[in-house]
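Please keep the sequence and the 3D view at hand while reading.

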Amino acid sequence: QVTLVESGGGLLQAGGSLRLSCAASGRTFSSYPMGWFRQAPGKGREFVAGISLSGRSAYNADSVKGRFTISRDNAKNTVYLQMNSLEPEDTAVYFCAARTSPASATVVFTIPLQYDYWGQGTQVTVSS
């Protein structure tokens with residue numbers, strides 16, 4: 001069983017920055033590939049960024065490339081999403097996800113069904 005708790009969301013103006021954090025329970029965090037997804041009102045859950053269990057591989061959705069960065073600190077059981085140059089289109093509930101099923105050290109997963117545990121989400125609202 002893995003519990004994920006997101007934090008760091010908020011309301012801000014376009015062009016601003018936020019850093020989301022996701023703290024995970026358990027002693028084997030370093031064996032979980034992690035991901036960030038988002039869901040805007042009336043839309044499906046969208047992949048934002050993913051990172052391999054080793055941290056050596058990361059991948060961003062085209063919509064956030066050059067603006068968002070995913071990272072992880074295995075000593076703190078935490079994954080981060082640094083979001084810069086935020087746009088109103090980034091407004092959504094942001095979820096972190098963990099994959100506890102077997103995975104290679106450098107693989108990044110981009111599909112919600114590939115993840116086994118989800119956090120409760122944190123709201124990010126960007127005004128124009």
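## Terms and basis

A residue is called buried when its relative accessible area is under 20%, exposed when that area is over 50%, and partly exposed in between, with a 1.4 Å probe and protein chains only. This is a predicted model, in which local features need pLDDT of at least 70 and side-chain atom pairs count only at pLDDT 80 or more, while totals for chains, interfaces and linings use all residues. Residues are numbered from 1 along each chain as its sequence is written, and side-chain values use heavy atoms, with hydrogens and water left out.

## The disulfide

A disulfide is a pair of cysteine sulfur atoms within 2.5 Å, and a search of the whole structure finds one. It joins Cys22 to Cys96, with 1.9 Å from S to S. The two cysteines come from distant parts of the chain, since Cys22 belongs to strand β3 (residues 18-24) and Cys96 to strand β9, 74 residues apart; strands (E, at least two residues), like helices (H or I, at least four residues), are DSSP runs numbered from the N terminus.

Cys22 has a relative accessibility of 0% and therefore counts as buried, and Cys96, with a value of 0%, is buried as well. The torsion about the S-S bond of Cys22 and Cys96 is about 45 degrees, so this disulfide is described as right-handed.

## Salt bridges

A salt bridge is counted when a side-chain nitrogen of Lys or Arg lies within 4 Å of a carboxyl oxygen of Asp or Glu, and by this rule the structure has five salt bridges. In one of them, Glu46 pairs with Arg38, and their closest N and O atoms are 2.8 Å apart. Arg38 is buried, with a relative accessible area of 6%, whereas Glu46, at 33%, counts as partly exposed.

Arg67 forms a salt bridge with Glu87, where the closest N and O atoms are 3.9 Å apart. Arg67 lies in the loop between β6 (58-60) and β7 (68-73), and Glu87 in the loop between β8 (78-83) and β9 (92-98), so the pair ties together parts that are 20 residues apart in sequence. Arg67 is buried at 11% relative accessibility, while Glu87 is partly exposed at 34%. Salt bridges link Arg38, Glu46, Arg67, Glu87 and Asp90 in a network. Asp62 and Lys65 also meet in a salt bridge, at 3.1 Å from N to O; here Asp62 is exposed at 62% and Lys65 partly exposed at 44%.

## Aromatic rings

Rings of Phe, Tyr and Trp (its six-membered ring) pair if their centres lie within 6.5 Å, and planes under 30 degrees apart count as stacked, over 60 as edge-to-face and the rest as tilted. A search of the whole structure finds seven aromatic pairs. In the pair of Phe29 and Tyr32, the ring centres are 6.4 Å apart and the planes stand at 80 degrees, so the pair is edge-to-face. Both Phe29 and Tyr32 are buried. Elsewhere, ring pairs link Phe37, Phe47, Tyr59, Phe109, Tyr115 and Trp118 into a cluster.

A charge sits over a ring if NZ of Lys or CZ of Arg is within 6 Å of the ring centre and within 35 degrees of the ring normal. The charged end of Arg45 sits over the ring of Phe95, at 3.8 Å from its centre, and Arg45 also lies over the face of Trp118, at 4.8 Å from the ring centre.
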